[in-house]
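Visitor: I am new to this structure and would be grateful for a close look at a single part of it. Please take salt bridges as the topic.

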Amino acid sequence: MSAPIRFVAATKKNTFASLLLQCHVKPGASKVREGIVAINNDAIEICVSAQAREGEANKAVIMVLSEV
């Protein structure tokens, strides 16, 4: 089992620390349900109203996460 949120510390090779988010995205949800709907042991569940085509759902996920 992997945690949904992990911190990866900086090293000598990679001088930047990282935050890894394991997400399960549900595209095409209603506008009312858009956002983070759950954080469980495996993933962060995110609903977005955008469809999964031409990167629209990915852009919507970035917007949801940037508002949190």
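Guide: A residue is termed buried under 20% relative accessible area, exposed over 50%, and partly exposed in between (1.4 Å probe, protein chains only). The model is a predicted one, in which local features need pLDDT of at least 70 and side-chain atom pairs count only at pLDDT 80 or more, while totals for chains, interfaces and linings use all residues. Residues are numbered from 1 along each chain as its sequence is written, and side-chain values use heavy atoms, with hydrogens and water left out.

The structure holds three salt bridges, each being a side-chain nitrogen of Lys or Arg within 4 Å of a carboxyl oxygen of Asp or Glu. One of them joins Lys26 to Glu45, whose closest N and O atoms are 3.5 Å apart. Because Lys26 belongs to strand S3 and Glu45 to strand S5, this pair ties together parts 19 residues apart in sequence; strands (E, at least two residues) and helices (H or I, at least four) are DSSP runs, numbered from the N terminus. Lys26 is partly exposed, at 32% relative accessibility, whereas Glu45 is buried, at 19%.

Another salt bridge links Lys31 with Glu34, the closest N and O atoms again being 3.5 Å apart. Here Lys31 is exposed, with a relative accessible area of 60%, and Glu34 is partly exposed, at 30%.

There is also a salt bridge between Lys59 and Glu56, at 3.6 Å from N to O. Both residues lie in helix H1, three residues apart, about one turn of the helix. Glu56 is partly exposed, with a relative accessible area of 37%.
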